[in-house]
Amino acid sequence: GDAARRSRRRVLDVGAADGGFCRAAREHGLEPVAVELCERARKHLDEIGVEAVEEARDVEADSIAFARCAEVLEHVADPVGVLRSVARALAPAGRVLVAVPDARSVARRAAASYWQPRDDALRPLEHVNGFTPRTLALLARRAELAVAARIRRTRGGGLEAVLERRE
């Protein structure tokens, strides 16, 4: 019906920031929804006509065809909870692209001073989680998602995975 037709056009950007992905999605005829913690960013998204919520659990269940969660999960205290909320929002055939830094990449080791907490404290919004292909696959399983295609390493020292709802 109408709900199924609508979900085919809805895309979710977790960690939407200034809304670049959402604007591009709208230009391609899609209906973007944003998840963004920053109140100022949510206000900006609202001003440009993008539905914005503070948490993924606030997104309507079974309503999203595609979700993007890029460079987010390494910053959150509960990555399983975030991904579970995204999984709940996905329509039955929906998929989510997850991109995170590769904790074992050469780029990470070369920039160890950036990736490690400094002596004075672990700062909010810094990297509080590290992922390898194995731990990213485990995270997907715990969030009730399945890896739809092989997890791949990117040239920039990251990991990308396309995940789908487990049936």
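The following legends describe close-up views of a predicted model.

Local features require pLDDT of at least 70 and side-chain atom pairs pLDDT 80 or more, whereas totals for chains, interfaces and linings use all residues. Residues are numbered from 1 along each chain as its sequence is written, and side-chain values use heavy atoms, without hydrogens and water.

**View 1. The largest pocket and its lining.** The largest pocket holds about 520 Å³ of space (on a 1 Å grid over the protein atoms alone, a pocket is an open set of points where a 1.4 Å probe fits, with protein on both sides within 12 Å along at least five of seven lines; lining residues have an atom within 4 Å of a point). Of its 18 lining residues, G15, E36, L37, V72 and V76 are the closest to the centre. The lining comprises 9 nonpolar, 4 polar and 5 charged residues. Helix α4 (residues 79-89) gives the largest share, 3 residues.

**View 2. Helix α4 and its cover.** P79, V80, L83, S85, V86, A87 and A89 are the buried residues of α4 (under 20% relative accessible area, 1.4 Å probe, protein chains only). Their cover includes the strands β1 (10-14), β4 (64-70), β5 (90-101), β6 (145-147) and β8 (158-165), together with helix α7 (133-142).

**View 3. The largest nonpolar core.** This core (buried Ala, Val, Leu, Ile, Met, Phe, Trp, Tyr and Cys residues joined through side-chain atoms within 4.5 Å) has 33 residues, and L12, L73, V96, V98 and L145 have the most contacts inside it. The largest share, 5 residues, comes from α4. Another core, of 5 residues, lies apart and includes A16, C22, L45 and V50.

How values were computed:
Grid points are joined across faces, edges and corners, and a volume is the space filled by probe spheres set on the points. Helices (H or I, at least four residues) and strands (E, at least two) are DSSP runs, numbered from the N terminus. Ala, Val, Leu, Ile, Met, Phe, Trp, Tyr, Cys and Pro count as nonpolar, Asp, Glu, Lys and Arg as charged, and the others, Gly among them, as polar. Buried means under 20% relative accessible area, exposed over 50%, partly exposed in between (1.4 Å probe, protein chains only). Contact means heavy atoms within 4.5 Å.
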